[in-house]
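Please have a look at the structure on the screen before I start talking you through it.

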Amino acid sequence: MAGNITYETVDIELYRNDSYVWTFDVTDVDDVAVDMTGYTFNGEVRRSYDSVDVLADFRFVETNIATGELTAILDATEVGALEDSLPASLDGVYDIQIMSADATPIVHTVRRGVVTFIEDVTRP
């Protein structure tokens with residue numbers, strides 16, 4: 001795997017106190033699944049691209065990474081905590097990156113986009 005991994009721009013809406021699970025395929029430019037065995041995964045939500053403060057961290061499930069499938073999770077507690085940082089109808093940004101286990105790791109962004117936070121009515 002070289003530098004030919006594709007990425008998608010996918011904007012997301014986060015409804016306060018809800019949990020989110022996204023499963024998606026990581027492929028190369030020829031639409032071939034990327035074997036991510038041994039890779040590490042990172043993903044963050046920030047107010048802006050240049051912001052130093054991380055508002056939320058994605059958690060990852062590595063169920064089918066050998067076949068290019070990755071699952072990213074934001075749990076209800078983390079999404080609920082965004083209320084103070086990202087008030088309703090304000091946008092933030094996120095991305096998800098994969099990093100190879102090579103001596104000199106190769107980093108690829110596989111998802112990115114705008115995050116809109118929406119307040120809820122019903123609270124647990």
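I will go through the aromatic rings and then a sheet.

What you see is a predicted model, in which local features need pLDDT of at least 70 and side-chain atom pairs count only at pLDDT 80 or more, while totals for chains, interfaces and linings use all residues. Residues are numbered from 1 along each chain as its sequence is written, and side-chain values use heavy atoms, with hydrogens and water left out.

Rings of Phe, Tyr and Trp (its six-membered ring) pair if their centres lie within 6.5 Å, and planes under 30 degrees apart count as stacked, over 60 as edge-to-face and the rest as tilted. By this rule there are 5 aromatic pairs. One of them is Phe58 with Phe60, 6.5 Å centre to centre with 35° between the planes, a tilted pair. Phe58 also pairs with Tyr94, and because the planes stand at 50°, with centres 5.7 Å apart, that pair is tilted. This second pair links distant parts of the chain, since Phe58 lies in the loop between strand 5 (54-57) and strand 6 (59-61), and Tyr94, 36 residues apart from it, in strand 8 (residues 91-99); strands here are DSSP runs (E, at least two residues), numbered from the N terminus.

Are these residues buried or exposed? Buried means under 20% relative accessible area, exposed over 50%, partly exposed in between (1.4 Å probe, protein chains only). Phe58, at 8%, is therefore buried, and Tyr94 is buried at 6%.

Turning to the sheet, 3 strands form an open, antiparallel one in the order 3-7-6, where two strands pair if DSSP finds at least two bridges between them. Strand 3 (20-25) and strand 6 each have a single partner strand, so one side of each is left without a neighbour in the sheet.

Notes. Helix = DSSP H or I, 4+ residues; strand = E, 2+ residues; numbered from the N terminus.
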